[in-house]
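Work through the following exercises with the sequence and the model side by side. Each task is followed by its solution.

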Amino acid sequence: MKAHFRELSVAATLALVLLALAAFAPAFYEPQPLLSLATREAPVLVVACGMAIVIIARQIDISVGSQFSICSVAAGLLAARGWPLPAVLPASIALGALMGAVNGGLVAGLGLPSIVVTLATMVTLRQGLNLVRQGEFVNLPDGVQWFGLSQGAGQAVLVLAALALLAAFAFALRHVAAGRHVYAVGTDAEASRLAGLRPRGVTFAVFVLMGALAGLAAVMNLVQSPQVQPLTGAGLELKVIAAAVVGGVAISGGRGKLWGVFAGLLLLACVSPALTHLKVEAYWEKAIQGAIILLAVVADGVRQRSERAG
Amino acid sequence: MAADTPLLQLTRITKSFAGVRALRGVDFELRAGEVHALLGENGAGKSTLIKVVTGAHRPDGGEIAVAGRAVGPLTPKSARRLGIGCIYQQPALFPDLTVAENIDLRQFASAAAWRRVDWTDRRRRAIAALEFVGARIDPAAEVRSLSMPEQQLVEIACTLGGARIVIMDEPTASLTHREQAQLFRIVRALRESGVGVVYISHRLEEIFALADRVTVLRDGASVGTHAVADIDEAGLIKLMVGREVQQLYPPAEGSPGKPVLEVDRLACPRAGVRPVSFTVRAGEVFGLAGLVGAGRTELARVLFGLTPAEAGTVRLDGLEVRIGSPAEAIARGIAYVPEDRRRHGVVLEMPVEENVTMAVHRRLFAGGWLRRTAERALAEGFIRELGVKTAGPAAPAGTLSGGNQQKVSLARWLATKPRVLILDEPTQGVDVGAKSEIHRIIRRLAREGVAVILISSDLPEVLAMSDRIGVMRGGELTAVLPGGSSAPAVMAAALGQEGRG
């Protein structure tokens, strides 16, 4: 109970918000808009899982938005050339993993701070894409949107895929030795090295995983619309970092659970539709999301202070 | 102030943390011009009591009087104003600032932030403070560039300015013999000038050499104050642990077997290790003595693959091996219990059980799946076997006392079933009870055929525990002495011909 307190309090807050919506804005629960919301957030959830793992390993990757954009455009171009989706998907994942490997190589290999490395790659990748594409949209051929299924079926596939991925990673973090290594390295890299673990290998691996998930998420996003616009993914890094922090992942590493991240993401995602249904000005959205993040950070600070005093 | 008014008088001090009573009504009295030793096992309440005096903790009850005048609960600021200074085990200095800046900051921390910095005056005061502690250190040197013992002297210089009551918490933990002698001179000079010194140390011989009176704490209560002249070592130990400790050092049994570790001209100039050759046999305890900075830890790090060797060979059970990383060392059966357990020996935030299994993932979690039941069983086995006092295997290691943390660190390495076990200062900062338990564990491992390398700056420990004693100086193994050698013989080898001690 005590170990999950942070996650439970996020879940409780989310439950309160959902109850309030049920009482004051039952329209929120109409199936079609709700499914659309879930579908929009599905790729974000996939990236948030990767980001949570990166942060647990005491790193950060702020270039995910740029990676996501590049993978989106590249996947779109491949699809436009007639590649089938089963070939586009692994290509996009591989491209993301490659970009992750660049980040991981610089951070783990040269021991550079990840915030600086990924800031540099974020800007470089984004500007590189702008230079090459000049902001051009990619029109997708028929049969790509919703995998060629009906919209409802396509949406269901995406949401279920994201949830399955979340469950798989949550399980792996808890029951696979590699998951333990991520926590150990995030808590104390030098102690991990003394114990025979390979902190640099773990660091490299989490960045590669992050990139691969960005590539996967790009395709999950791509199939939702008839065209790819190159600005897609801008600001994604802030969204997923916020979800991780609100969900109880310690920014100092070593602590966090994916189901907390899931709750954190849902909480932040509910703000916008809740405002619409409660007929509050949409300008409040960012302010309220910011307040939620601030509250989570303050809660962590208070908890750490009380732990130190005790 | 009358001559017989105590400088510091603590009466019935109580303090609880989350319902656990750390201090249950402690009385303590410090007179001007005395060195008063404070003794007790880890967890007996020494640190808490010190923190009450320095204002870091607010007591729940009791009275504090300084020079006969009752003062309320102290704060760090009011304690400093009353002339209470504390020298901690680990120097609390700013590594990127110069010595003079550090001294200035600590002595004038509460001065106005906007006062003009008088560089000449600052330098003069720094020189005076350093002179008082007899340190020949350039006040303009960056603290980062100083050796650990030099930093300790700077720490002392920072604290002494204007202090009437000086608390020293294990000040010799990182000092060599020469600096230790210097520290003793400082303490005696303080006593002459009428300062009261509270001296905390686990090394009983220091207490007999230095202190006038000694107060023993046990389980958060004082179990008596004695004049040092009226009590002996056995009596003190009995007071501390509440029972007779039979023998401080268990005797060696059996004779060493075949060579397990053969080191031939192993060198790593990058890490300051010059060609070193020695052999450790199965069941042998090979002590490594030397001054701080003689290269003992560096040698251990080379053997463990943390800084891979650049030349020379290592044979394990007759086979030549290359060790390029800790993972390879562990796979070959070499284990290294590092020096600073609080930093890297145990991970304080992680549960005891995860700490225990940290070095055996490959074996315990073969195939990559975590086997939590197996993990818990392994941890529980070691908790029983080593007598680790913990709320349970799932308790964070940080909740354990220092001695028990050290046992967890040991358990992690015993779990690897090592052929060669390198122990780096295994009993530093550990209380007497846990210390003798660790000694018994070392003996038992030797009996089971493990080749043990024991690095220790505690000379009596190295002398009593080792079958042979290697002495290092300047990154070289300068002598290998038989077990039972005398302390002067080891010290002479450690200092060498040009020794200045």
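**Exercise 1.** How many residues does the contact take from chain B and from chain A?

This is a predicted model, in which local features need pLDDT of at least 70, side-chain atom pairs count only at pLDDT 80 or more, and totals for chains, interfaces and linings use all residues. Residues are numbered from 1 along each chain as its sequence is written, and chains are lettered from A and ligands numbered from 1 in the order in which they are written.

Step 1. Take two residues as in contact if their C-beta atoms, placed from the backbone, lie within 7 Å.
Step 2. The contact then takes 18 residues from chain B and 17 residues from chain A.
Step 3. On the side of chain B that touches chain A, helix H10 (residues 326–332) gives the most, with 3 residues; helices are DSSP runs of H or I, at least four residues, numbered from the N terminus.

**Exercise 2.** Find which residues touch the most other members of the largest nonpolar core.

Step 1. Collect buried Ala, Val, Leu, Ile, Met, Phe, Trp, Tyr and Cys residues joined through C-beta atoms within 7 Å; buried means 20 or more other C-beta atoms within 10 Å of a residue's own.
Step 2. Among the 169 residues of this core, Val47(A), Ala48(A) and Cys49(A) touch the most other members.
Step 3. Helix H9 (residues 199–222) of chain A supplies the largest share, 17 residues.
Step 4. The core lies between domain 2 (250–333 + 421–501) and domain 3 (351–417) of chain B, because both give residues to it; the domain bounds come from an automatic or database domain assignment.

Definitions and conventions:
A residue is buried if 20 or more other C-beta atoms lie within 10 Å of its own, exposed if 12 or fewer, and partly exposed in between; C-beta atoms are placed from the backbone. Helices (H or I, at least four residues) and strands (E, at least two) are DSSP runs, numbered from the N terminus.
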